[in-house]
Structure formats: C-alpha cells, structure tokens
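This briefing is meant for a reader meeting the structure for the first time.

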Amino acid sequence: MKTRKRILLSISALLVTVALSAQESVQSSSEVTNRHEVSIVIDDIFAKNRSDNPIYYNKMEYGGYIETNSVSNSKVGIGYKFLFNKSAIRSKVAGYIGNDNYSNGNTQKNDTKKFTLSANIGYEFHKNIEKTQLFFGVDFVFDYAKLNENSTSNYNFNMLPTTFTYKNSTDYQALGFAPLMGVKYFFTKNLSMSTELNCKTMFYNIKDKSESSQNPSNEVKNDGVETTFGPLGNLSINYAF
C-alpha cells in the first residue's frame, strides 16, 4: 500500500512539474533564445476552384466556345526564419504537382498535368503579446506554373467516325513583392502555429501553345501586372531552436 502511494505521488509530482515547465516555456516565448525556425506550410487551402488570374487558369478554345480549366490547388512547402529580438529574415518554398484524368468510355479522354512553385524571401517585424505574436513585413516573390493537357474526342461526322485531338501547354512566370501581416500562437517556447495574408503585385509573362487535329499550331505570349490577395487559407506549423 505504501509503495502504491509513493508511485502515485511520484507520478503526480512529475505531471505537475511537466505542466509548470510547459507553462513557463510559453510565458517566456517573448524572450528570443532561439535563433532558427523551420516550418511546414500549407498555402491556398480554400483555393481549389479559384480562377481569377493567369497563374490559376488556362483558356482553351474549341470552335465557338472557351473552356476554363482551374489549375489552382493547395500548395505544401517548407519555411525558414532567422530570428532576431523583434524581427526576422524569412523564406519559403511551396508547390504542387498533380495529374487529372477524365474518361467517358471511348468517346472522350482528357489528361492534364499541373505543376506550380512559389519561392519567397523577405523580412518581418513582430511583437509578442503573452502567447500570441503579431507580425508584418514584405516578401519578394517568384511564381512559376505549368499546365500540359492532351485530349481526344471520338464522334461521328456525316456518318463517318472522326477523332479530334487537342494539345495545350501553358507556362507562367512572375516576379514581384508582397506586403504581409499575420498572427502566431505559441503552444510552447519552441512549438507554434501561424497564419498570414498578403497582397501580391506580380509582373508576369505567359506563353501558351496549342494545336489540334483541325487547327495548326498556335502560340500566344502575354505579359502584364496583377495584384491579388492571398493565400486563400494559410497554415504553418513552426518549430524554433
């Protein structure tokens, strides 16, 4: 009986010690003793069907109508920050690779390959309020996206079996800057979770090549400037050391 009580008292003391240590660790999160922070990042969590600027869509013309294919997907990446007392040098790389296939028996087949990449480097200022950190800054951004599509349609034309093929390739490149603001919550001194929002101004260039069994090869180039708010949902799990 005495042994059991000692074990219970030892376990209780250990739990109290761990709880107090975790609380102390959170409370001291405003003191920068860690200089490095690595993150797992998810961008554009809610952007699956977004199609409001060139990086997210590709237009394909079939005769008298235009079909818009969304190429926006959630991007997963890694981040790194070098921490100072009230600021940090920040960087991030995130991307998406995917393949969409559609088949309607022997009538229609479509294969679309997608690839997006975004690389950021910038500087931020931050202020700690107990377990919360508010931060703001600016990133310099490089965005790249590529979409390749191959489709085949079989139908009867004047009672004759006919096959229509279509190929399309779109490349998007952009450079720009993005003022940002965000909030971070500390679970412990080392572990935190954050989210942020930015306003990107990008100088972009698009190359679009297409060809079909009924039309010769066609290439279109376009460049310009765009401003967007995003990401449409951002979550980072951070570990400082």
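Does K81 count as buried or exposed? In this predicted model, K81 counts as buried, because its relative accessibility is 9% and a residue is called buried when that value is under 20%. The points below begin with the salt bridge that K81 forms and then move on to other parts of the chain.

**Salt bridges**

- The count of salt bridges comes to 10, and one of them joins K81 to E124, with the closest N and O atoms 3.0 Å apart.
- Because K81 belongs to strand β4 and E124 to strand β6, this pair ties together parts of the chain that are 43 residues apart in sequence.
- E124 is buried as well, its relative accessible area being 0%.
- R90 forms a salt bridge with D139, where the closest N and O atoms are again given as 3.0 Å apart, and the pair links distant parts of the chain, since R90 sits in strand β5 (residues 87-104) and D139 in strand β7, 49 residues apart.
- Both partners of that pair are buried, R90 with a relative accessible area of 7% and D139 with a relative accessibility of 3%.
- The side chains of K200 and D143 meet in a salt bridge with an N to O distance of 2.6 Å, and because K200 lies in strand β9 while D143 lies in strand β7, the pair ties together parts that are 57 residues apart in sequence.

**The nonpolar core**

- The largest nonpolar core is made up of 8 residues, namely V141, A145, Y172, A174, A178, M202, Y204 and I206, and at least two of its residues come from each of the strands β7 (132-157), β8 (160-186) and β9 (191-212).
- If neighbours within four places in sequence are left aside, A174 is in contact with V141, F142, D143, M202, F203 and Y204.

- Strand β1 (residues 36-43) has a covered face formed by E37, S39, V41 and D43, and an uncovered face formed by H36, V38, I40 and I42.
- β1 runs antiparallel to strand β4 (residues 75-83), to which 8 bridges join it, and within this pairing I40 has I78 as its bridge partner.
- β1 also pairs in the antiparallel sense with strand β11 (residues 234-240), over 7 bridges, and I42 stands opposite L235 there.

- Most residues other than glycine have a negative phi, and most peptide bonds are trans.
- D44, found in the loop between β1 and β2 (57-62), has a positive phi near 55 degrees although it is not glycine, and D44 is buried, with a relative accessible area of 3%.
- E130 is likewise not a glycine and has a positive phi of about 55 degrees; E130 lies in the loop between β6 (108-129) and β7 and counts as exposed, because its relative accessibility is 69% and the cut-off for exposed is over 50%.
- The peptide bond from G230 to P231 is cis, with omega near -10 degrees, and P231 has its place in the loop between β10 (218-230) and β11.

Technical notes
Residues are numbered from 1 along each chain as its sequence is written. This is a predicted model: local features need pLDDT of at least 70, side-chain atom pairs count only at pLDDT 80 or more; totals for chains, interfaces and linings use all residues. Side-chain values use heavy atoms; hydrogens and water are left out. A nonpolar core is a set of buried Ala, Val, Leu, Ile, Met, Phe, Trp, Tyr and Cys residues joined through side-chain atoms within 4.5 Å. Buried means under 20% relative accessible area, exposed over 50%, partly exposed in between (1.4 Å probe, protein chains only). Helices (H or I, at least four residues) and strands (E, at least two) are DSSP runs, numbered from the N terminus. Contact means heavy atoms within 4.5 Å. Two strands pair if DSSP finds at least two bridges between them. A salt bridge is a side-chain nitrogen of Lys or Arg within 4 Å of a carboxyl oxygen of Asp or Glu.
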